[in-house]
Amino acid sequence: MEYYLSTHMPLVQKSWASYGLKKYTVTQYDDPASTYSVGCVLEFESKEHFQKAGASEEAKAVFGDIDNFSNEKPTIVAGEVKEVKEVVIDAKQEIVDFVASRRKEDAVGEFDFYLKGSFNLSLVVKFNDEGPKAVIRFPKPGHTATEFREENVRNEFNVLEFLSEKTTIPLPRVVSWGTEEERPQHLGPFIIMEYMKGTSLANLLKEPTASEEEEVILATDVDDTKLDYVYEQLADYMLQLSRLNFPTIGALAKPPSSNSWSVTNRPLTYNMNELKTVVSAYPSKTFPTTAFTSAQSFFHSLADEHLIHLHTQRNLADDPENARKRYIACHRFKDLIICLQIQRHCA
């Protein structure tokens, strides 16, 4: 596996980059009953680019290298990647009807518009009873790791419910949420909320631009009254959040048996998602499985993630000196955790 990741796949990238190879992901299968031990997905600009790559002179080196790590012939399957946005557009009316069925009010839904973020794709629905609009949101494949998607949606729902109970921060009301099994058109776990119309802070504070595609530059002449209005709200939100204390670090939960909020689940962090989606060989079994009882144990876990990342993704460092600096930085981070703990006890 080490040769495959450190030698063969870089050879594939180098050989076929000029033929439209955009990216690749590698999956190692743990199931002993599986027919395959490793799977690799290569994404090309088009089917034509893939065909040209397979027939190129460089392909001889790629396929010839297989004997260096395997005594089996690879199975090659080609297909077209359909973006989640295309699936949502094709199933637009089905999704609208699904959203309407999840509301308590009996009303007919109608598509209004799409919303797109870094991790999610959303569809806004309006209703003929003049009730509030609703937005249904799906995670984008490849942006949130498949095995994390349901956990992430559940965590988001719990946070919204908790903050609605414990703070006055304006939040959208959750109409419904569901898992993979309940989803329309196999689009992943979903969350349906009331749509809250507002003004983007970027639009309020940026220099005027001719189009949304232009770079956002912070305006230097924003009226002080406008700034006070914004910062007072932000300060209020931050103060309210700072008063919400728990004895553990992790994700919120409200067990039916106790009907009270607690932090018992593991923290699902941005770093964990990046490692799972970008570093194909990263061992998921090393991720935390429960909440942390101290900041020290949380930071030690984070430091271990950095070290495993450095060991697993060999192309993370460009040369031996860069690898050395990264290795030292990881251990310095561990030393810093110990220093902070000593200072805390001394204080």
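A disulfide is taken here as a pair of cysteine sulfur atoms within 2.5 Å. By this criterion the structure holds zero disulfides. In general terms, a disulfide is a covalent bond between the sulfur atoms of two cysteines. Cys 40 is partly exposed, at 31% relative accessibility, whereas Cys 330 is buried, at 11%; buried stands for under 20% relative accessible area, exposed for over 50%, and partly exposed for values in between (1.4 Å probe, protein chains only).

The model is predicted, so that local features need pLDDT of at least 70 and side-chain atom pairs count only at pLDDT 80 or more, while totals for chains, interfaces and linings use all residues. Residues are numbered from 1 along each chain as its sequence is written, and side-chain values use heavy atoms, with hydrogens and water left out.

The protein has 11 helices and nine strands, assigned as DSSP runs (helices H or I, at least four residues; strands E, at least two) and numbered from the N terminus. Its C-alpha trace spans about 65 × 65 × 55 Å along the principal axes. Of the 347 residues in the protein, 31% are buried.

Helix α8 covers residues 224-242 and contains Glu 232. This residue is exposed, with a relative accessible area of 57%, and forms a negative surface patch together with Asp 223, Asp 224 and Asp 228. Patch members have over 30% relative accessible area and no salt bridge, with like charges joined within 9 Å and nonpolar side chains (Val, Leu, Ile, Met, Phe, Trp, Tyr) within 5 Å. A salt bridge requires a side-chain nitrogen of Lys or Arg within 4 Å of a carboxyl oxygen of Asp or Glu. Val 230 is also found in helix α8, but is buried, at 7% relative accessibility.

Helix α11, residues 320-346, includes Glu 321, which is partly exposed at 40% relative accessibility. Glu 321 and Val 12 lie 309 residues apart in sequence and 26 Å apart in space, C-alpha to C-alpha.

Two non-glycine residues were examined for backbone phi. Most residues other than glycine have a negative phi. Glu 130, however, has a positive phi of about 60 degrees; it is found in the loop between β4 (120-127) and β5 (134-139) and is exposed, with a relative accessible area of 77%. Asn 259 has a positive phi of about 55 degrees. This asparagine is found in the loop between β8 (251-253) and β9 (262-265) and is exposed, at 55%.

Definitions and conventions. Areas by Shrake-Rupley, 256 points an atom, 1.4 Å probe, with all protein chains shown as cover. Lys, Arg positive; Asp, Glu negative; His and termini not counted. Charge placed at Lys NZ, Arg CZ, Asp CG, Glu CD.
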